[in-house]
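I opened this model to look up its strands, cores and charged pairs. My notes follow in the order I took them.

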Amino acid sequence: MNLSRQLFTIHSWFGLVTGVFLLMLGVSGSLLIFKEELDHLMYHDLLTVKPQETPLTLDSLYKIAVKHYPNLDGLAWINPSAPKDHSYHFRLYLNDSRLISYDLGALNIDQYTGKILRQGRSDDLEVGWMEWLFQFHFSFHLGTPGAALVAIFGIAMLISVFTGLVIYRKYIWKVVTFNVPFNRKNRRTLSSSLHRIIGVWALIFNVVILFTGFWLNLFSFEKKVWENEMIPTPPNTLVNVSLDSLYAKALQKMPDLTPTYVYFPTQPKRTFSVRGILKGQNPLFAGGNSIQFDGQTGRFLSQTTFEDLSFWRRIKATFYPLHVGNFGGILLKILYIIIGLTPGLLSVTGFLLWRRRKKKTFNYFPITQKE
């Protein structure tokens, strides 16, 4: 067997093994591009609040959350810049000491009355479909092993992409210059044309999406992470300083910051932190901006912007926005949705080619076969 045939075999099997899972990840990922918008649309009546003169303090809302969840790994306010008629949305970091459950939850509170509008775990639809999809997308609802499995599928598909690049290298320039038309002669030729054309046009995007997805789940291969998942979370250790004061200090230190994520510590040695995007900054670089305070003493710990990071840390700071497509406007998000479905579509067309080849008694090899 020559090298081309060996690569074709590798390309086929890696694509077949990962196909169904990549289709599910592609569909869920495409929906999550508009996670916040869809969540509020689907549960508009539940999550919309009537604005009043001033909201309750963060300290009051913090007390409400920790009262209902006395064993939290952490609590994060994930929509600090939302419109005034949107309820405050908090992410719950939980731990039920089961390895096969990834313990995220959501809590929505009316910031003017303190009423809890929605609460619960993300893996059993208590808090809606979008939260369920969010956790499914990176763990298949199988906990840390599921997160590792998603990472493995990402690498497997990357191998399939790179072997496909070698196999179809002669067609790349023809495709990008629109010199490879669709061949509609029969189902096989149509599947082959679709497979090559879609694969070439989505090549760079898929490499970025698959690699960043793998990197974001890389934590699931750490032994300590697996061990910690089996240890029940101890009772909350509440902050000893005013969260409102810390939040105000953070905004004073970074007056050009629009907050997008605020972390409230509930365990010892955790820090109060604020992240967000600076005025005039592309959201692609927002992952490098943060301010941290000691949650017990209120002592200022650090202040970092994207420009302060080392070269490699700058690269890593772009991985999340590159994966979710939140660094551009509506057109970029639509592009992410369309191209995000291509790994699954490539698996479908690849499967059709593989099945056709298995049915044939003669040798079929798409590089040399005349169509």
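How many helices and strands does the protein chain have? I counted 15 helices and eight strands. Helices (H or I, at least four residues) and strands (E, at least two) are DSSP runs, numbered from the N terminus.

Ground rules next. This is a predicted model, where local features need pLDDT of at least 70, side-chain atom pairs count only at pLDDT 80 or more, and totals for chains, interfaces and linings use all residues. Residues are numbered from 1 along each chain as its sequence is written, and side-chain values use heavy atoms, with hydrogens and water left out.

**Entry: the whole chain.** I looked up burial (buried is under 20% relative accessible area, exposed over 50%, partly exposed in between; 1.4 Å probe, protein chains only). Of the 371 residues in the protein chain, 49% are buried. I then took contacts (heavy atoms within 4.5 Å). Among those between residues at least 6 apart in sequence, 63% join residues at least 24 apart.

I checked pairing (two strands pair if DSSP finds at least two bridges between them). S2 (residues 88-93) runs antiparallel to S3, with six bridges. Tyrosine 88 has isoleucine 109 as its bridge partner in S3. On to S4 (residues 116-121): five bridges join it to S3, again antiparallel. Asparagine 108 is bridged to arginine 118 there. The S3–S4 hairpin has six residues between the strands, and glycine 114 takes a positive phi near 85 degrees.

**Entry: cores.** I searched for nonpolar cores (sets of buried Ala, Val, Leu, Ile, Met, Phe, Trp, Tyr and Cys residues joined through side-chain atoms within 4.5 Å). The largest has 30 residues, and Leu75, Trp77, Phe90, Phe264 and Phe272 have the most contacts inside it. Elements that each supply at least two residues include H4 (58-68), S1 (74-77), S2, S3 and H11 (243-253). H4 gives the most, six residues. A second, separate core of 11 residues includes Phe136, Phe153, Met157 and Leu158.

I stayed with H4. Its buried residues include Leu58, Asp59, Leu61 and Tyr62. Cover for the buried residues of H4 includes S1, S2, S3, S4, H11 and S5.

**Entry: salt bridges.** I used a side-chain nitrogen of Lys or Arg within 4 Å of a carboxyl oxygen of Asp or Glu. How many salt bridges result by this rule? The count comes to nine.

Aspartate 123 pairs with arginine 121, the closest N and O atoms being 2.8 Å apart. Arginine 121 counts as buried at 18% relative accessibility, and aspartate 123 as partly exposed at 21%.

Glutamate 227 meets lysine 223 at 3.9 Å, N to O. These two are four residues apart in H10 (residues 223-229), so about one helical turn separates them. Lysine 223 is exposed at 64%, while glutamate 227 is partly exposed at 42%. I also found one network: salt bridges that share partners join Asp96, Arg98, Asp103, Arg121 and Asp123.
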